[in-house]
Amino acid sequence: MQGVIVAIAAFVLAIGSVPARAADDVVIGALYQMTGPNGQVGNDAKAAMETAADIINGNHNVPMLLGKGGGLSNLGGAKVRVIFADHQGDPQKARAEAERLITQEHVVALIGSYQSATAATVSQVADRYEVPFMVAESSSPSLNQRGLKWFFRTSPHDMMFTQAMFDFYRDIGAKTGRKVRSVVLFHEDTIFGTDSSNAQKQMAEAAGIKVAADIRYRGNSPSLSAEVQQIKAADADVVMPTSYTSDAILLMRGMHDLGYAPKAIMAQSAGFAEQSLIDAVGPLMEGVMSRSAFALDAVKARPAIPAVNALFRARSNKDLNDNTGREITALIVLADAINRAGSTDEEKIRQALIATDVPGDQTIMPWQGIKFDNTGQNIAATPVIQQIKDGKYHTIYPFDVAAEEAVWNVGK
Amino acid sequence: MVAPSPSPQPPHARGGGEESVTLTILLQVAVGGLLMGLIYALVAAGLSLIFGLMDVVNFAHGELLMLGMYATYVVWLATGLDPLLLLIPVAIALFAVGVAIYHLLIARALSVRFNRGMVQIFVTFGLAILLRGAAQFAFGSDFKSVSTSLLAGHTIDLGGVFVPLPQLAAGIVSLIAFGALLAVSRTEFGRALEATREDREAVALIGIDRDRIFALGWGLGAAAVGIAGVMLATFYYVSPNVGANFALIAYVTVALGGFGSLFGALVAGLLIGLVEALTALLFEPSLKQVGMFAIYLAVLMFRPRGLFGTL
């Protein structure tokens with residue numbers, strides 16, 4: 001009898017100790033470089049992702065997708081939780097960390113990872129384990145051309161960005177009568193720089209613009225003066241750098257040291273989007289142009305920007321830029337897909353991602369929207385061209401969304 | 001002749017869009033390479049001193065450079081003092097850091113009974129990782145810059161060859177520092193260093209306190225790299241990992257010049273700076289380190305003790 005009572009008591013205790021299940025957190029793994037030469041970008045990405053998670057989970061009531069907050073409604077108000085892994089900019093470490101996040105932390109999806117070289121290996125791991133990988137900002141065009149099923153990218157890629165650059169050259173040339181006749185390409189030597197310069201070479205040839213020099217350099221060098229000398233000797237109309245932050249600092253200072261001021265600089269963003277560069281180099285940045293996926297000044301068309309920027313500023317002490325704007329967007333789109341899937345089953349999430357169709361005005365990006373093609377690329381992402389005036393980037397192209405008139409010194 | 005604004009291009013032949021290498025361009029790149037080489041040499045001098053003295057490869061040498069740069073940045077930020085005025089204070093501070101590292105870590109590492117080589121390697125390597133992490137923790141990973149100093153942003157135009165003043169000053173300071181180090185080597189202390197380097201077991205017999213010599217050697221090596229850090233801060237960016245960019249080149253410089261030879265470090269630094277720059281110009285910039293590593297391999301094969309090494 002006593003045994004039966006004990007058994008019943010144990011049974012009741014066991015049932016009682018199973019709590020009324022509040023929704024579990026939805027865990028997403030984010031891979032970024034947190035230490036090392038590009039650690040600054042990774043730490044900003046962490047602030048961006050945490051801002052996005054706060055918007056989704058809290059109740060900030062921002063006028064955008066999932067901006068109402070309160071967690072993921074179709075999953076019982078489940079909160080989104082992002083855990084971060086440091087890949088140190090090394091593709092092999094990125095691979096290892098992606099595996100760890102999937103097999104040990106049991107994340108339902110991956111997001112990342114800035115350097116295209118790391119995105120390449122992470123996407124392979126994601127495909128092998130059949131876990132969705134949302135690329136927030138890695139822009140090498142080859143990333144979505146490898147037949148991967150679990151790869152998704154909200155950001156435009158460098159073919160789209162470079163197309164915007166050459167469309168700008170064509171239109172500003174027509175508008176001012178001063179066309180671009182020659183460019184010099186200056187790119188770092190990983191997949192980001194190589195793919196970018198290939199795109200630029202291809203489009204220059206198609207537009208009849210001469211490539212006066214194509215300089216491939218090694219990142220994080222103690223000095224870039226020999227390379228900058230070659231830029232100066234090429235004497236092209238536009239210098240087109242594809243650089244991370246540290247090299248961008250050496251490039252801008254190096255050109256000044258050699259007494260060379262190019263007529264125009266058109267950057268492939270990355271390091272050129274970073275406030276550190278603007279702080280380090282100061283007035284030398286005036287007039288520098290860059291492609292961008294994000295326009296901080298598009299407030300009229302994207303009213304969510306001020307609220308999101310304020311939340312981000314509170315965490316990071318900086319304004320949103322091309323990189324962090326894309327990171328916030330990517331996490332929200334991923335969370336929205338998980339919400340629409342109504343489950344943390346990876347295949348259901350993947351189907352929901354494929355079905356994504358978000359109008360641009362539900363985001364903070366100046367894009368037409370978010371719609372993935374069959375390679376996982378967002379084809380509704382429309383980049384802009386921006387130019388620095390008084391230490392800040394302003395949108396100058398396309399002309400109908402421009403906030404400022406372009407300062408165009410080519411041919412003067 | 002100080003020209004902060006751009007000057008017109010020197011005339012030279014140009015065919016079909018290919019840049020031809022004129023004498024001016026060659027000189028420009030060579031000057032840049034030599035000035036950078038003087039910095040490599042100064043960084044290597046400290047390393048060579050420490051290694052020559054006690055057979056300890058300081059894997060945290062790049063991080064000592066980073067500390068020197070951050071010290072300069074922090075004091076400049078707080079007081080607005082020009083980095084040139086901070087040369088002596090930072091050198092003294094880094095001297096103290098070097099002595100502290102010796103007493104707290106290296107002395108203990110050297111006194112273990114087993115696997116001394118491994119322990120010493122791991123101690124300095126671990127120190128490097130600790131310093132990098134501490135710097136990132138204290139300052140964040142953003143790139144910092146000493147943006148306003150007496151020389152920053154100024155360039156002299158010497159007949160078409162542009163020499164940026166911060167790098168020129170760094171080269172001059174490096175030469176002065178080498179002069180000072182060579183002068184020290186002629187003093188009583190310097191000869192004690194040399195004696196300890198030659199036979200560290202025997203020096204106790206002639207009344208040299210080996211422990212004190214080692215500590216002072218570490219201090220001197222750290223001070224040398226601290227001076228390099230101050231000058232670098234005037235034109236290079238400051239970040240927790242900046243040491244890594246220079247450390248590898250420093251090891252190659254020391255090996256090329258000869259372990260323990262200060263003069264070797266100077267010559268090797270100049271050679272490496274020059275070869276690196278010319279390789280970038282005449283071949284392919286992304287291969288610019290190939291030139292210097294090729295020379296290093298050649299030296300290893302034909303003269304393993306380095307150009308001026310005596311070990």
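Trainee: Which residues of α10(A) are buried, and what makes a residue count as buried?

Mentor: The buried residues of α10(A) are Ile305(A), Val308(A), Asn309(A), Leu311(A) and Phe312(A). A residue is buried if 20 or more other C-beta atoms lie within 10 Å of its own, exposed if 12 or fewer, and partly exposed in between, with C-beta atoms placed from the backbone. This is a predicted model, in which local features need pLDDT of at least 70 and side-chain atom pairs count only at pLDDT 80 or more, while totals for chains, interfaces and linings use all residues. Residues are numbered from 1 along each chain as its sequence is written, and chains are lettered from A and ligands numbered from 1 in the order in which they are written.

Trainee: How do you know that the buried residues of α10(A) line one face of the helix?

Mentor: Seen down the axis of α10(A), the buried residues fall within an arc of 160°, so they line one face of the helix. The arc is that of the directions from the helix axis to the C-beta atoms. These residues pack against α2 (39-57) and α11 (322-341) of chain A.

Trainee: What is the reach of α10 (residues 305-316) of chain A, and what is expected?

Mentor: Helices (H or I, at least four residues) and strands (E, at least two) are DSSP runs, numbered from the N terminus. α10(A) has twelve residues, and from its first C-alpha to its last it reaches 16 Å, close to the 16 Å expected at 1.5 Å a residue. The expected span is 1.5 Å times one less than the number of residues. After α10(A) comes Asn317(A), with a positive phi near 65°.

Trainee: Which residues of helix α12 of chain A are buried, and how do you know where on the helix they lie?

Mentor: In α12 (residues 346-354), Ile349(A), Arg350(A) and Leu353(A) are buried. Their arc, seen down the axis of α12(A), is within 100°, so they line one face of the helix. Their cover includes β3 (109-112), β5 (151-153) and α11 of chain A.

Trainee: Is Tyr114(A) buried or exposed, and how do you know?

Mentor: Tyr114(A) has 28 C-beta neighbours inside 10 Å and therefore counts as buried. Tyr114(A) sits in the loop between β3 and α4 of chain A and has a positive phi of about 70°, although it is not a glycine. Ser113(A) has its place in the loop between β3 and α4 of chain A, and the peptide bond from Gly112(A) to Ser113(A) is cis, with omega near -15°.

Trainee: What makes Ala270(A) buried or exposed, and what makes Ala207(A) buried, exposed or partly exposed?

Mentor: Ala270(A) has 30 C-beta neighbours inside 10 Å, so it counts as buried. Ala270(A) lies in the loop between β9 (264-267) and α9 of chain A, and its phi is positive, about 55°, although it is not a glycine. Ala207(A) has 15 other C-beta atoms within 10 Å and is therefore partly exposed. Ala207(A) belongs to helix α6 (residues 191-207) of chain A.

Trainee: With which residues is Ala207(A) in contact, leaving aside its neighbours within four places in sequence?

Mentor: Ala207(A) is then in contact with Phe166(A), Tyr169(A) and Arg170(A). Two residues are in contact if their C-beta atoms, placed from the backbone, lie within 7 Å.

Trainee: How many residues does the contact take from chain A and from chain B?

Mentor: The contact takes 40 residues from chain A and 37 residues from chain B. On the side of chain A that touches chain B, α7(A) gives the most, with seven residues. That side divides into 14 nonpolar, 17 polar and nine charged residues. Here Ala, Val, Leu, Ile, Met, Phe, Trp, Tyr, Cys and Pro count as nonpolar, Asp, Glu, Lys and Arg as charged, and the others, Gly among them, as polar.

Trainee: Why is the radius of gyration of chain B said to agree with that of a compact globule?

Mentor: Chain B has 311 residues, for which a compact globule would have a radius of gyration near 19 Å, and chain B has 20 Å, which agrees. The radius is taken over C-alpha atoms, and the globule rule is 2.2 Å times the number of residues to the power 0.38. Of these 311 residues, 52% count as buried.

Trainee: What makes α2(B) mostly covered?

Mentor: In α2(B), 14 of the 19 residues are buried, and the helix is mostly covered. α2(B) is followed by Gly80(B), whose phi is positive, near 75°.
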